[in-house]
Amino acid sequence: MKIGRLVLFITFLLLVVSGCQEAYKGNPTPKDFLGSSDADIFVLDSIVYSKARDLEWLKELSYELGEQVGEITKKTDKAWNFKSGTSNKLPVGTKIYKTDTPAYIVIVDGKEIPYIGMYEG
């Protein structure tokens, strides 16, 4: 059943992406998020990842923690100062892990926290 939800989500995502090609403006940047006080983001390889707070499908999704793909090396709230490994809330030294789902996982104080890449277009 969980795999079915993932397939449904990916199909929906592909439909949305293919329907929005005319309006493509590029992926969001840290500046697009940092105006909000509840923004919780990091950048990895030029992609902004946002904490997945209210995504019900993600809360119900089972995943396998994969290899470490990054680490938070800098903390700032200035958009112009973001580069790969920068976060506005996560502590320096936080490890970032790939999963077998669209989510990446960070571990803070023993708690696994999901983040989702913010892609547009």
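Modeller: I will start from the pairing of strand 1 with strand 2, which run antiparallel and are joined by 4 bridges. This is a predicted model, and what follows should be read with that in mind.

The side chains of strand 1 can be taken face by face. In a regular strand the side chains alternate between the two faces of the sheet. Here Ile41 and Val43 lie on one side, Phe42 and Leu44 lie on the other, and all of them are buried, so that both faces of strand 1 are covered.

Lys51 forms a salt bridge with Asp40, and the closest N and O atoms are 4.0 Å apart. Because Lys51 belongs to strand 2 (residues 47–51), whereas Asp40 sits in the loop between helix 2 (30–33) and strand 1 (41–44), the pair ties together parts that are 11 residues apart in sequence. The two partners can also be described by their accessibility: Asp40, at 9% relative accessibility, counts as buried, while Lys51, at 30%, counts as partly exposed.

To set this contact in context, a search of the whole structure finds 3 salt bridges. One of them joins Lys95 to Glu71, with the closest N and O atoms 3.5 Å apart. Lys95 lies in strand 6 (residues 95–99) and Glu71 in strand 3 (residues 65–71), so this pair ties together parts that are 24 residues apart in sequence. Lys95 is partly exposed, with a relative accessible area of 30%, and Glu71 also counts as partly exposed, at 31% relative accessibility.

Another salt bridge is formed by Asp77 with Lys78, where the closest N and O atoms are 3.7 Å apart. In this pair Asp77 counts as exposed, at 53% relative accessibility, and Lys78 is partly exposed, with a relative accessible area of 41%.

Returning to the part we began with, the picture is of strand 1 and strand 2 running antiparallel, with buried side chains on both faces of strand 1, and with a salt bridge between Lys51 and Asp40.

How values were computed
Residues are numbered from 1 along each chain as its sequence is written. This is a predicted model: local features need pLDDT of at least 70, side-chain atom pairs count only at pLDDT 80 or more; totals for chains, interfaces and linings use all residues. Side-chain values use heavy atoms; hydrogens and water are left out. Helices (H or I, at least four residues) and strands (E, at least two) are DSSP runs, numbered from the N terminus. Buried means under 20% relative accessible area, exposed over 50%, partly exposed in between (1.4 Å probe, protein chains only). Two strands pair if DSSP finds at least two bridges between them.
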